[in-house]
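Please read this briefing with the sequence and the structure open beside it. The points below are grouped by topic, so that each can be checked by eye in turn.

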Amino acid sequence: MRIDVLTLFPEAFTGPLDVSIVRRAREDGLLDLHVHDIREHATDRHRSVDDYPFGGGQGMVMRVDVLDRALGHVQSLGTEAGLVVLLTPAGERLTDALVRELATHGRLVLVCGRYEGVDERFAEHCVDREISIGDYVLTGGELPAMVLIDAVARHVPGVLGDEVSPEEESFVQGLLEHPQYTRPAEYRGWAVPEVLLSGHHANVSKWKQEQRLRRTRERRPDLLDAGGHLRKPDERETGELQSDGAP
Ligand code: ADE
């Protein structure tokens, strides 16, 4: 998979994407990541990328002409056009289902917003999807882009190797994961649950499922319906407001 990132802060992308699984995916050629500086497409003397909002209001808005030129240039660098994603707190919420859908694309172009936002004409005419990583506002789309890249990379075939399957993890069955333990079996008087040491596979499986349900009930009741049963994926995590106003 090829991912191009458009940002005013390319230097932000060194670090998180240079370690561990994502690093290996890049080295193995499974993830082809390119980071581009939007400012290189500014044409005026001051190399400006933003301006005051029409109609007044606080902050600065990223210019449609600069963004459009930057995107056109980046799209021309690949053999296929990438799906264009704008990271913005005003987008649809990133969920496990959306991560999987994005991972089916051969190429993504991620645009990181800064300042008060981007000129709406860019979003309307040049962007395929606007995505938020959660209901809080960050200083820009760089961290959200890195979150998205990390989450998507795990679903690119070969990236996780044979040991780990994304199918067995939280949100796939719609439940949180059960707790995990390793040696020593006792530490400072804190014991590992007896059943895990028993070697009784059926009891271990039952315990894990009970723990997944208990955790989900306690920590994420929004994943369950009123009867305590799993909600179907299309009934949860949409990010839409419910009738009671809760997110
Ligand atoms: N930019 C600022 N906050 C953001 C968020 N929560 N998700 C995506 N992009 C953002």
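The model is a predicted one, and the values given here are computed from it. The briefing begins with backbone details and then moves to strands, a helix and selected side chains.

**Backbone details**

- The phi angle of R47 is near 55°, which is a positive value in a residue other than glycine, and with a relative accessibility of 40% R47 counts as partly exposed.
- S20 also has a phi near 55°, again a positive value in a residue other than glycine, but S20 is placed in helix α1 (residues 20-27).
- S20 counts as exposed because its relative accessibility is 57%, and the cut-off for exposed is over 50%.
- R183 and P184 are joined by a cis peptide bond, whose omega is about 5°, and P184 itself is found in the loop between α5 (142-153) and β9 (186-187).

- Strand β6 covers residues 107-112, and since six of its six residues are buried, the strand is largely enclosed by the rest of the structure.
- The burial applies to both faces of β6, with R107, V109 and V111 on one side and L108, L110 and C112 on the other.
- In general, the strands of a sheet pair through backbone hydrogen bonds, and this pairing is either parallel or antiparallel.
- Strand β1 (residues 2-7) pairs with β6 in the parallel sense over five bridges, and within this pairing I3 stands opposite L108.
- Strand β5 (residues 83-93) likewise pairs with β6 in the parallel sense, over five bridges, and here V85 is the residue that stands opposite L110.

**An open sheet of three strands**

- Three strands, in the order β3-β4-β7, form an open sheet in which the pairing is mixed.
- The edges of this sheet are β3 (50-51) and β7 (117-118), and because each has a single partner strand, one side of each is left without a neighbour in the sheet.
- Strand β4 (residues 61-62) runs parallel to β7 and is joined to β7 by two bridges, with V61 standing opposite G117.

**Helix α7**

- Helix α7 (residues 201-219) has 19 residues, and the distance from its first C-alpha to its last is 27 Å, close to the 27 Å expected at 1.5 Å a residue.
- The buried residues of α7 are V204, W207, Q211, R212, R215 and T216; because they cover an arc of only 165° around the axis, they lie on the same side of α7.
- The buried residues of α7 pack against α6 (194-197), whereas the face turned away from the buried side carries the exposed residues A202 and K206.

**Cysteines**

- The structure holds zero disulfides, and C112 is therefore in none, its nearest cysteine sulfur being that of C126, 16 Å away.

**The aromatic pair**

- The structure holds one aromatic pair, and this pair is formed by Y187 and W190, which are edge-to-face at 5.6 Å centre to centre, with 70° between the planes.
- Are the two partners buried or exposed? Y187 counts as partly exposed at 46% relative accessibility, while W190 counts as exposed at 52%.

Methods:
Residues are numbered from 1 along each chain as its sequence is written. This is a predicted model: local features need pLDDT of at least 70, side-chain atom pairs count only at pLDDT 80 or more; totals for chains, interfaces and linings use all residues. Side-chain values use heavy atoms; hydrogens and water are left out. A disulfide is a pair of cysteine sulfur atoms within 2.5 Å. Rings of Phe, Tyr and Trp (its six-membered ring) pair if their centres lie within 6.5 Å; planes under 30 degrees apart count as stacked, over 60 as edge-to-face and the rest as tilted. Buried means under 20% relative accessible area, exposed over 50%, partly exposed in between (1.4 Å probe, protein chains only). Helices (H or I, at least four residues) and strands (E, at least two) are DSSP runs, numbered from the N terminus. The expected span of a helix is 1.5 Å times one less than its number of residues. The arc is that of the directions from the helix axis to the C-beta atoms. Contact means heavy atoms within 4.5 Å. Two strands pair if DSSP finds at least two bridges between them.
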